Amino acid sequence: MSGLKKYIVTGHIVEVYEYKYYISGKGGFTGVKKGEGEIESKLKNYSNTNQRRRDMIRRLACCNFNNKYDKFLTLTFAENKTNIQECNLLFKAFIRKLKNKYNDKLKYLAVIEFQKRGALHYHVLLTIPYVPQNELQELWGNGFVFINAIEHVDNIGAYILKYITKDNNDKRLMGQKAYLTSRNLIKPNEIVNHDLKDFNKNERKVISKYNLNRFKTRLCVKLRYRNFR
């Protein structure tokens with residue numbers, strides 16, 4: 001099969017991917033003997049994983065949060081905590097407190113970042129009303145809480161990516177979840193031509209709704225990618 005086309009709709013953002021060739025299945029001859037290049041392969045896989053999760057975080061943020069009503073917090077630890085599992089338990093306890101006190105249907109998206117000293121901290125998008133900073137800090141109970149203004153932010157997904165490492169050589173998150181989410185987040189709407197019978201019908205709806213015909217496609221060698229607002 002050739003010619004893979006994919007639309008990903010996330011809130012007011014539309015991404016269009018057009019691949020010249022579509023290759024199904026896995027495996028095949030790689031030109032490398034078994035056992036050779038194992039480290040390089042792991043690094044490449046981690047790099048690909050890092051990019052995929054950055055894409056997912058950006059899309060989830062655009063689908064579920066806005067700059068007018070929702071909050072963006074930074075949660076730090078007073079102690080030099082570096083254990084991800086331990087910190088995640090403390091974070092989830094904080095979320096339970098927020099749900100019990102303010103919004104039992106609360107949505108959240110949290111990304112993990114490391115400070116220079118090695119301590120872990122969280123950047124969190126939340127659907128909660130206004131809460132005084134000192135009250136949030138008391139509920140958190142592990143360090144400082146900073147409330148970040150996002151009223152000026154047009155693309156929340158791109159904004160939150162600033163806080164996610166681009167360093168593919170940082171192995172602290174290898175094999176770990178780099179972000180935490182509530183279960184009630186809306187997922188991006190993905191429309192792909194190779195697994196949807198009524199793809200053409202859905203494609204016309206997307207093109208019409210977002211007026212995509214007014215844009216010209218930039219052609220790359222194997223992939224055409226367009227991002228519309």
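Colleague: Why is leucine 173 called buried?

Modeller: Happy to start there, and please keep in mind that this is a predicted model. Leucine 173 has a relative accessible area of 4%, and buried means under 20%, so leucine 173 counts as buried. Leucine 173 lies in the loop between α4 and β7.

Colleague: What makes arginine 58 and glutamate 15 a salt bridge?

Modeller: The distance does. Their side chains meet at 3.0 Å, N to O, and the rule asks for a nitrogen of Lys or Arg within 4 Å of a carboxyl oxygen of Asp or Glu, so the pair qualifies. The pair links distant parts of the chain: arginine 58 belongs to helix α1 (residues 38–64) and glutamate 15 to strand β2 (residues 13–21), 43 residues apart. Glu15, Asp55, Arg58 and Arg59 are linked in a network of salt bridges. By this rule the count comes to 6 salt bridges.

Colleague: Why is glutamate 79 called exposed, and what is the label for lysine 81?

Modeller: Glutamate 79 has a relative accessible area of 52%; exposed means over 50%, so glutamate 79 is exposed. Lysine 81 comes to 17%, which is under the 20% limit, and is therefore buried. Glutamate 79 and lysine 81 form a salt bridge, with the closest N and O atoms 3.5 Å apart.

Colleague: What makes lysine 101 and glutamate 135 a salt bridge?

Modeller: Their side chains meet at 3.3 Å, N to O, and the limit is within 4 Å, so this pair qualifies too. Here lysine 101 sits in helix α2 (residues 84–101) and glutamate 135 in helix α3 (residues 133–140), so the pair links distant parts of the chain, 34 residues apart. Glutamate 135 has 24% relative accessibility; partly exposed covers values between the buried limit of 20% and the exposed limit of 50%, so glutamate 135 is partly exposed.

Colleague: Why is β4 described as largely enclosed?

Modeller: In β4, 6 of the 7 residues are buried, so the rest of the structure largely encloses this strand. Strand β5 (residues 120–126) is mostly covered, with 7 of its 7 residues buried. Leu120, Tyr122, Val124 and Leu126 point one way from β5, while His121, His123 and Leu125 point the other way. In a regular strand the side chains alternate between the two faces of the sheet.

Colleague: What makes β4 and β5 a pair?

Modeller: Two strands pair if there are at least two bridges between them. Strand β4 (residues 108–114) and β5 have 7 bridges in the antiparallel sense, so they are paired. Tyrosine 108 stands opposite leucine 126, and leucine 109 has leucine 125 as its bridge partner. In the hairpin of these two strands, glycine 118 takes a positive phi near 100°.

Colleague: Which other pairings involve β4 or β5?

Modeller: Strand β3 (residues 71–75) and β5 pair in the antiparallel sense over 5 bridges, with threonine 74 opposite histidine 123. β4 and β7 pair in the antiparallel sense over 3 bridges, and alanine 110 has leucine 180 as its partner in β7.

Key: Residues numbered from 1 in each chain as written. Predicted model: local features only at pLDDT ≥ 70, side-chain atom pairs only at ≥ 80, totals over all residues. Heavy atoms only, no water. Buried < 20%, exposed > 50% of the residue type's maximum accessible area, 1.4 Å probe, protein only. Helix = DSSP H or I, 4+ residues; strand = E, 2+ residues; numbered from the N terminus.
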